[in-house]
Each structure stands twice: as C-alpha cells, then as structure tokens.
Amino acid sequence: MVKAIFSKLGGVLGSLWLSVALLALLTLMTWLGTRAQEHMGLFMAQKKYFESWLYVERLAGIVPFPLPGGMTLMSVLFVNLLIGGLVKVRWKWQKAGILITHIGIVLLLGAGFVKGMMATEGYLQLFEGERSSVYRSHHDWEIVLEEAVDDGVRQWIVPDGEFLDRYDGRTARVSAEGLPFKFTIHDFLLNSTPMTAPPFAASPFPAVDGAYLKPLELELEHERNVAGCRITVDHGDGRAPTEGLLWGFERAPMTVDAADGRRFGITLRKKELPMPFTVKLDEFTHEYYPNTMIPKVYMSDVTVIDEDGPAKHKIRMNEPLRQDDMIVFQSSWGPTNARPGERLYSGFSVVENPADQWPWYSMWVIAAGMLLHFGLMLLRFIDRESVARSRGADPLVAAARKGVEA
Amino acid sequence: MNAVHLRNLSARTLSCVIAVLLLCMSVSAQQGDGPRRTRPYPEEVVDAFRTLPVQEGGRIKPFDTVARFALLRMNEKRTLHLPDDPQLGELSGTTLSATEWALDVMLYPLQADGYPTFVIADRDVFDLIGLGEAAKRKRDRYSFDELLPGVQKLEQEFERYREIPEKERTRLQNQLVYLYNDLYEYSRLRSVFDAARIQLPLGESQILRAAFGETGEAAGAERQSVGFTEATIRLQTLMEAYRKLEQQAGSGSDISELELQRVAGFLNNLRDLAERSKFVIWLPPADHRESAWLNLPGVFEEYRHDGPEPHAAQTEALRLYEDVVTASESGSGALAGPGVAFVEHVRGMAERRGELGGIDLEVSYHDADWFYKAQWFYLLAFVLAAVMWLVPRSGALAWSSFGVSSVATVLVVIGIVQRCILRERPPVSTLYETILFITGCTALVCLIVEVISPRRIALSVGAALGALGMFVAYMFEMNDAKDTMPQLQAVLDTNFWLGVHVTTVTLGYAATMLAGFVAHIFVFGKLFGIRRDDKTFYRSVARMTYGVLCFATLFSTFGTISGGIWANDSWGRFWGWDPKENGALMIVLWNLLILHARMGGLVRNLGISILAIFGNSIVAFSWWGVNLMGVGLHSYGFQSGLNFWVNMFYWIQWGVAGLGVVAWAMERSRAAGGGTLPEGASTS
C-alpha cells in the first residue's frame, strides 16, 4: 500500500506534465516579477515573487489569485528533475545527452541553493592607503555599543533580528552581560530621515532634544534605505532614562554615561561581516573615454594580507579577486564630484559564496549534454534527408515536384 | 520629428543656447552678406573632409560619420535636397551629401541657414513657439532662418519640459525638446570655424599693439585686429604682460589699470572665441601619452602653459584651419588646395599617433551601406520565392531565390565583419548590432536548413525575415540617429564575455524567433486549408520548427547561464532577477516547456507551432520590452519610444497564436467527423 502510494507520488512528481506546468508557472512568475519591478523596485519584487513560497496576484487589479512563488516552484522543479530526469529516465546511451544536461541543471540549482543558504553579500569602501578586514551588509543593520578599554574597544552587537520587526509601535528591550544598563528600542524605521521638531507645536513623532525621525517610503533600491530608531537607556540607578535617536548615517555615536562611571557609544550601522584576510587599497585608477563622461576603466591595486603574508592584486571590472571562498569585485568609486587630485575611495562588492564556481562548471556540463543530444538528433535528421534527396535529381525541386505529383 | 532617442542636452549647456543662437546672429551681422557658394565643392575637398579624423564620443572617427548622424538627427535623412532657387546657382535643386551640408554650415553659414534642414512632424509645434503663421504642411522641413524668430519661446517651452522623463512627455513636448536640441547642435556646428573667421580687435592697448604690430603681413602698418592662431601663439607672452600689469595696477597707476582691462578683455575674447568653436574636436595633442584630442579651449590652455614651442604641428594645423576659411571666402573652388592641405596635415598628425587606422574603412563602410542593399536583395529573394510557390515546377526560380538570398546574407556578413574590425569587438555589443546579427544568423540558418532539407520553406522564411530584419535595422538607425559604434562602458569592456555570452544569447533569440516564424506557415496553412492533404509538407514545417527550437534551446540556455557567470564576475552575483536576465530566462523556460510538452505527448505539431508563435512575444519582451521599462542594471540597453511597435508585435503574435487555436478547433471538428485526430491534439 505504502509502496503503491510512493510509486504513484513518484509518478506524479517525476511526470512531464508536472515539468511543463512548472515551466509555465515559472515563466509566468518571471514575467510578473519583471513587470512589477517598474513600480516596486527590484528588492521588493524579488521578495514578493522570486523568494516567496506563495504570492497573490490580483486579476484585473481586483480579484486576488494565489500562485506558487519562486521558492515553491524551484523546490518542486528540483524534485521533478531528480525523479523524472535522473531516476525514472532510462539510462541508455541514446539518452546520455539528456542525462548529462539534467545533471548540469541539478548542479546549477544546487549552486543557487548553497548560495541562498550560505552566502553573504556586502560592500567595502576604502580610500587609498586604507585597509580593512571587514565588510558591511547591503541590507542588514545592527546596533553596536562600544566602550573604550585599556587594550582597545569592547563591543556589544545587537543584530537586526532583535529589533527589525519593532517598527509598528512595539518595543524591544535589550540587555547583555557586562552592560551596566538595559535599553529599549522604539519605533524602528527601515527608511527615515532626521527632522527638527517644531518649537511651538507638537512633534508628529516622538522627539528627542528637538529632533525626530521621519518615516520615509521604502526606496526601490533597498540598499538606499537609511534605518533609524529611538532608544531609551534605563540606568537602573534611579536616574531618569536617557533618550536618544539612532540613525544609519549619523557620524558620531550617541554617548551614554553609565551609573558606574563608564562611558559607552551607541551606533546604528550596516551589519559588519568579517573577511579571512585584510585588504589594503594601494592605488585606485579610474579613466573616462577621452572628452566624454563614459567610464572606461575602474581599477584598484590592492594588497591582500593573510597568514601567508602580503600579496599584490589588481581588481577591476570583470576581474574580481577570488580567495578563500571570498570574492571582491570592483563596483564603484567616489566621491563622484571629486576634483582632480582629491583623494578617492574605491567601492567593492564582497561576496562569500562556497558555490561561486559551480555555475561555470554546470554551464559546460549542460552545453555538453545538449550538444550531444541535439547533435545526435541532427545527424539522424540529415541522414533521413540525404536518403530522401537521393531519390530526386534536383534537391531544390524534388520535394516540390513530389508535392505536385501527390 | 520621429527621432526618438536620447537627445537631451547636459544641464550645463542648456542655459546658453539662446546666447549661442544670438551669437550666431551677431556673427551674421558682422559678416554682412557673408560668403556664399553657387558651385559644387571640388571633389577632392569633399573626399578629404569626409576622412578628416575627429574625436567624438570617446573615439576617433571620420568627420563623415559626425556629419551623417548630425544631418540624420535634424533632417531624418543622410542627404539634403536643396530647393530650386536661382540664388543657389548650380546648386539649385541638387542633393548635398552630409559632409557637403556640414561644410556649408561651417564655412557658408548664412547660406546654410536657408536650407530646409529641420524636420518638424507636427505643425502644432509652430503654434507653441509662436510661429503659427509660418507653418507649412503638417510635416515639413524648415530652415534655421525660419525657426530663429521662435527660439526664445522655444527655450521657455523647453525649460518646462526638460525635467520630465522622455517617456512621460507627450508627443508634442518631445518634439519641442528634440527641436531645441537640434537647433542647439546646429548652432554649435555653425560655429566650428568662428575662431578662424572672427578677428579680435586690438583696441587702444599699447601692449597688444606692441605684441602684434610688427609681425606677419601687417609689419610696418598699424594693425587693428588679430586672428585666433596668432593671438594664441603669443598667449604666454600676453599672460606675462598681464601679470606685470596686475602688479603695476596694484601700485595705483591709472594707466596700468586701464591697460590691464584692455588686455584682460582681449584674453577673455580669445577664450570665448575658443569656447564657441569647440564643437568638432579635430586637433591631436602633442603629447603622445595623452588620449584626449584638443578642442580650441584646450589649445588655449596648452599654449597658455607651455607656449608655442612644443606645439609646432598644432600651430601649423591652426594656421591651415584659418587658411580654409580665407579660401572659402573666394568661393568653393578655392578650397581645393587649403582644404586638402588642412585635412592631410591633421591626418598626418593622427597617423603619427597611430590613430588613423579605421578612418578610411569607416568611410567606405558607410558608403557601402551593406545592410540597406541587403534589404533589397532579401526583398527580391522573397519575391522570387513567392513566385516560386506559384510555379512549383520551376527549379530556376528556386535557385534564383537561393542565390539572391545568399548574396544578401554575404552582404550582411561583410557589414558585420567590417564593424568587428572597426570596433575591435565581437559582432554584438549594442542593441543595433543584435538586429544585424540576429537577421544575419537567421538568414544563414535558413540557407543551411534549405541545403539540408530542400523543401523551399526555409528559403522563403529566410528571405522574408532577412528583409524584415534589415528594415528594422534601418528604422532603428533612422530613429536613434546616433553613431552606431559607441564606446562601451567599463562593465562591457571584455571581448571574452561579449563573444561568449552576448553572441550565444543573441543566437538563442534568433533561433527562437525563427522557429516562431516558421510556425506561422503551419498555422496559416492549416487555417486556410493550404495543401490540406499534403502531410509531407506539414511534417517538414513541424520538423523544421522543432529542429530550430532545439538549436534555440542550446544557445539560449548556454547564453543565459554564461550571462550569469559574467554578472558574477562583474557585479558579484550570478543571478539578480534583473529584467534583462529575466527576459533571457523566460526564453529558456519557454523553449524547455515546448520540448518537454512534445516529449510528453502533450502537444503535437500544431500545438508546438502555437507555442512557438507565443514564444515570439517572449523574445520580443526580452529583446525590446525590458529595455522600455527603464529599470535594472543593463542600463546600456535602454531604449525608449518604441512602445507602440513592440506592443503591436505582441498583439500580432498573440493573435496568430489565437488563430492557431482556431485552426486546432477546426481540425478537431473535422477529425470528429472524419475519425482522425487533429494535429495539435494530445495523444494522452
């Protein structure tokens, strides 16, 4: 009975019917998700369509119609491919091309899965002469408390998982070992700007020292959002709580003097991620095509310092640095309004992805499989045609004559 | 004006258009009647100026290219037909090449101002700029002179609309913006020789008179004015004198203060003159390490810093530049010597820098007009193919169509190869080149299929698609009206990925579309009952559709994945759901869907044809549709103004696919009566 159910289930999951349905739904989802980018931006469209299990589309803009999202479709397609394309398919040499192609696709989907589960992405900006062994996330925020101690700086980090959902009026209360106070995060805003509170009227949002954070619409390019929140520090010594605003672009930290005399700085910043080496920017070169503003070359000469010592590298567009599963790409430069001779910074995208090179391998596997399969079909077709042609004197006219005679 | 793409001026240039146009008028006044020509240019002058190397858009190109596209933008043609006018003498009623037109604008501006250069597609534009009574037909060509009275009103209107994104403007607003930009470009071209034409007055300045009074032809006579080159050569001396005067003026001397103002005024005029004449950058720099050629303000700066000694070749070029204007005043025939000498000198300078390489080839490429000729050959091949179907026993017609189509394909291949040589790039790196490549590949694949399977179907489809593709390429070039060989942004500057990804994904587009078009034959044949009982014919068409789809799947899959790998190297991620990436993915998914549906027996020949036709709309979305959205990282591929045609194509393809369903239903009802399954019916 169980075997029969599994067999039936395997039959459905590995069927070509299901493959076709999945491919049709994937095409539809891709089209909808692409069109949606015009009004909701890439990040939000990605979340709604491509990285969801289910999305709701409104027919004629009114009637809600649920459809499987990218995660559902890709997962089922993966199973369908495994069962139908590799397990159920007959393993004979005539099918070798199809099998190889499917193996390549499994590898490609596997690369996407590994990246989704394990990869981290961010950016790094270095002025010439600067170095760093950390980079910053594009999207994730963290609150950092720092205290100057004899041997450097002691840090407490509150990741955004602790407070990201507190933007609907709820609060998050945070305490940590070694911290002489507790603090509360209020009204976390994903995108905000600081404003001066009106002097003679009620502030539209809770103000601190004559300023408040105004919520802004989310940017279509999500990394351009600047988060902010209000925090209240409870000293626990009977003093009135200290209030402050944290904003992502604030240059100086909010300072808090604890009851025991220690001083802390608190900042809200993009999440910091470690690299297994240090990158030092030696020189940045950017060039435009002559007498235009069309960028020709961006290039960074860097020194990578790790356990094996320093090594020189060049990072430019299309030629990233790959080392220890980390990839460092040339992505931007600035300040864009810099005058000649002014100090420039180089902007890098940084990705940690153990499956970085898998698509490269899968591409060749898929190409080989398809070439084999379609090549064999073409040879068979040519063979049949040559037989047909051998029956007519004029290759161009024979077929037509045949048609007329028929 | 149908020209639709990217004609916005940079913000810094906007405010000065009125000033430039007014300067044009003041120069006209200064010139009085000004020189005119009534006879054609000597052939060698036109040939020379066509091959004058200039730097524009970041590359060295022939002046012919600059002139062609400038005229195309303004006039929507690459030539200009002159009206019958006795004042034009031998030129009356003749047609000017782009270079001849540009030479007239630069050397005989008062005459060129009367040429019907500017196309205005809607006479409402005239009402908006206050020239309603001057309007001619709904769509007509107008001269600079006719438009000049409306320029101030035009600028007011332009200021209202320029901040509105192009795709949000109304058609009329866009026309105003384009007209404004065209007039601005014209006025800048008109000023190219102003630095050679206008003499700078020396006034009462003792220093200026001492500096210029004893040189050249004016030796021993009291000079009143001096030309640009002579003034520039002495720029360093003048700057020194100016600095000394500044010091003296600081000590309170009244005379020095006055003299200081005179010298400062002269230097400012000199700089302004250089600014006005900077539109065409034709002077190679002395420093071989410097890649930027010099415009006249650049000359001003270099001579100010270095003096004339390091710039002997440049000084000679400037003198020859002035000689051209002097000669032009004696009539176009007098230009033969000075004109050719000027161009030869600049070419020599470019050659010594190793930058003359592609100039002559580019001129010959434009002259050959390979793709326009190929369009007519394809059209002829298609006509022959159509007649061939009416006279099926005629082998001669089939061979003729095959031969003519082959000639057309050879022309396309030659054109593409020439572009590759000129650009030092693989065949596809711009949207325009995708049209050429897709058409060339489609036609070539059809010819190959015809050789393998001589059923005349591929031959006919190839000729039709060849003609259509070349027509689209022609229209694109006309509408875009920009150099089709632009420099590539840093991210695209990799011949490896351009060769691997762009070429293969474009082949995928081409093959998917070819399959869709072959499928049209199946659907229309079934719908209209053509060769209803000829199963061999329909089997051949279906087999061809399927075979081309296999080809399409291979290339679109390889191209899409390789694009992801390129993106991984450029932007740090394999897949970012960018619209262009999604478009390519949709083609892959759709092709896979068709192949799997066929393999699973869900569709048969007619079903495959319907799906393949629908696939055409997916290709159009990926190829053009996503570019109209204006979002995503593939910003170099954006194109606007083609919404109507792309939407029209979608609807036509959906309509044909719908007709396929009708054909399927008809077959089904026939089969129900006759007992056989229709072509598109499922067997499962």
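The model examined here is predicted. The two strands, with strand 4 spanning residues 131–149 of chain A, run antiparallel and are joined by eight bridges; within strand 5 of chain A, A:Val158 is the residue that stands opposite A:Ile143. Strand 5 of chain A, which covers residues 152–159, is hardly covered, since the count of buried residues among its eight residues is zero.

Chain B contains 28 helices together with eight strands. Of the 684 residues in chain B, 51% are buried, and among the contacts in chain B with a separation of 6 or more, 74% are accounted for by residues 24 or more positions apart.

Between the two chains, 62 residues of chain B are in contact with 59 residues of chain A. On the side of chain B that touches chain A, the elements giving two or more residues are helix 21 (395–423), helix 25 (535–570), helix 26 (579–599) and helix 27 (605–629) of chain B. The largest share of that side is supplied by helix 25 of chain B, from which 15 residues come.

Definitions and conventions: Residues numbered from 1 in each chain as written. Chains lettered and ligands numbered in written order. Predicted model: local features only at pLDDT ≥ 70, side-chain atom pairs only at ≥ 80, totals over all residues. Buried ≥ 20, exposed ≤ 12 C-beta atoms within 10 Å, placed from the backbone. Helix = DSSP H or I, 4+ residues; strand = E, 2+ residues; numbered from the N terminus. Pairing = 2+ DSSP bridges. Contact = placed C-beta atoms within 7 Å.
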